[in-house]
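Thank you all for coming; I would like to take a few minutes to walk through one model, starting with its charged pairs and moving on to a helix and a strand.

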Amino acid sequence: MSAFDRMNNPMTRVAGIVLSLVLLSAAAAAGDSSGDTIVLKSGRRITATNVVEDGDRVYYETSAGRLSLRRDLVERVERGTARSRWAAGSSSEMSVAPPRVDPSEGYDDIVAAAVHDGAIDRAYVARLEREAGAGDAAAARRVAVAHHAAARFELGKGDTEQAVAHYRRALTFAPEHLGVLLNVGYLHLHRNEFTPALDYLERARRVEPENADVAKLLGWAYYGLNRIELAVREWKRALALRPDADVEQALAKALRDEEEESSYREGETRHFNLRYHGGATPELARGILRTLEMHFSAIEGELRYSPPEPIGVILYTEQAFANITRAPGWVGAINDGRIRVPVQGLTSVTSDLSQTLMHELAHSFIHQKTGGRAPVWLHEGIAQWMEGHRAGQYAQILVSAHEQQVSLPLAAMEGSFLNLPNEVASYAYAWSLGVVEYIIATNGTGDIERLLERIRTESSVESAVRNTLRLDYTLLETETARYLKRTYLQ
Ligand SMILES: [Zn+2]
């Protein structure tokens, strides 16, 4: 998943932001080129176009406009290496190609017959299923291939739910089909449903114990479930079976976590699994767990949803936090699948820490409820709203940016804010809060709940927004500005 963060001091640098936004958007007009990658000394990679080094700054473009960085933060620029114009860049999700389904006899013919003319040929699939019903193993394999084709077709439309249904159906005919087991496990992993993923992958392990893909995906599932030592074991096993750059990268991250956490103590409650360094007191740890459980009930009530997976929480001393998360300095806490909170010097739960926990916990709910598909603007808007922030103090700046047409478009705020320069990130947080506050002020949290539900199943965020709120992005932005003006500026 992408990492979500909470700013230490949101909007402290807000003055002058409208001016920077004006400058950014005026400079953003230049032409497109194939993407470049800016590699920072911290190791972070930023995908951008038209990267130009000028004086002590490096300028680059994203769909949010033209941005710049201090040159001394930049290790190097890799030209033409990036594939997308606007990438989150800091995703901690594994970038793994879906597993292959072994081409069996007649594979291409079955695929062509199962999906054609823009639709699944259900009569053909039903016929294959009847043939397989007699217990013919070859016929069962053909059913698996046909459902695989149908699942790929549904995925092409963005319908993961239907794709999973096809694989499950295939397994009733061919319960030991490795390709199908891997694919359905993989889809669950992408939706951050680690427990069901583990189930299918363990079945795959029994079918083929020495398979590198099985080990690779099992490592991902264990990592998601915060069972780092098992993740490390699986990824080492995967590498022993086959060299793989994705796995090497994932293993390095898991080893960093494991080393740091080996000296940690643990605490557990019904919904949380807490690890903390000996430097934090057990009283603080207990207080944090109590606070988290309280916030859990509150968010559960607002979103009418209860995350099925246990939520991992790690407390850090400040330096360890920076080393492990590699997050920019302005980040106060982070949620990259586990809630990571710096607690240096604290002995009890302060109100600021309580808000931080609420904020990060909201991210976990949203992430699990949408299967990891919620855009960052919605994530950050809800998380700030849940911790009790309201947009009043930012109304002036948000409204004037909108009126001067230099506001960040929501479409450019679907990916991570971690790549944005500080002042633009501050703006993005405030604007996200404004939009979410507008939605809740208009129709209550029920609309947020419905919106999250649709995002999980629909092909694009904007279509989910349209179908829930009856507004497209442009109108949602306009209505938000009008709401802010009416509520706070008149
Ligand atoms: Zn956040």
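Let me begin with a definition: a salt bridge here is a side-chain nitrogen of Lys or Arg within 4 Å of a carboxyl oxygen of Asp or Glu. Counted by this rule, the structure, which is a predicted model, comes to 22 salt bridges.

I will take a few of them in turn. In one, Arg127 and Glu131 form a salt bridge whose closest N and O atoms are 3.1 Å apart, and since these two residues are four apart in helix α3, about one helical turn separates them. Arg127 is partly exposed, with a relative accessible area of 40%, and Glu131 is partly exposed as well, at 32%.

A salt bridge of another kind joins the side chains of Glu129 and Arg169, at 2.6 Å from N to O. This pair links distant parts of the chain, with Glu129 in helix α3 and Arg169 in helix α5, 40 residues apart. Glu129 has a relative accessibility of 11%, so it counts as buried, the limit being under 20%, whereas Arg169 is partly exposed, with a relative accessible area of 40%.

Elsewhere, Glu283 and Arg286 meet through their side chains in a salt bridge of 3.7 Å, N to O; they are three residues apart in helix α11, residues 282-303, and thus separated by about one helical turn. Both count as partly exposed, Glu283 at 47% relative accessibility and Arg286 at 49%. There is also a network of salt bridges, in which Asp213, Lys216, Arg242, Asp244 and Asp246 are linked.

Which of its residues are buried? They are Tyr124, Val125, Leu128, Glu129 and Ala132, and, seen down the axis of α3, they fall within an arc of 140°, so they line one face of the helix. What covers them includes α2 (107-114), β8 (119-120), α4 (137-156) and α5 (160-173), while on the other side of α3 we find Ala123, Arg130 and Gly133 exposed. As for the ends, Asp121 caps the N-terminal one, with a side-chain oxygen lying 3.3 Å from the backbone nitrogen of Ala123, and after the helix comes Gly135, whose phi is positive, near 90°.

Now to strand β11, residues 311-316, which is mostly covered, six of its six residues being buried. In a regular strand the side chains alternate between the two faces of the sheet. Here Ile311, Val313 and Leu315 point one way, and Gly312, Ile314 and Tyr316 the other way, and all are buried. What does β11 pair with? Strand β10, residues 272-277, pairs with β11 in the parallel sense over five bridges, with Asn273 standing opposite Gly312. Strand β13, residues 338-342, also pairs with β11 in the parallel sense over five bridges, and there Val341 is the bridge partner of Leu315.

I will finish with Glu360, which has its place in helix α13, residues 351-369, and which counts as buried at 0% relative accessibility. Glu360 and Asp336 are 24 residues apart in sequence, and their C-alpha atoms are 9.7 Å apart in space.

How values were computed: Residues numbered from 1 in each chain as written. Predicted model: local features only at pLDDT ≥ 70, side-chain atom pairs only at ≥ 80, totals over all residues. Heavy atoms only, no water. Buried < 20%, exposed > 50% of the residue type's maximum accessible area, 1.4 Å probe, protein only. Arc of directions from axis to C-beta. Contact = heavy atoms within 4.5 Å. Polar contact = N/O pair within 3.5 Å; in protein donor to acceptor, adjacent residues only side chain to side chain. Pairing = 2+ DSSP bridges.
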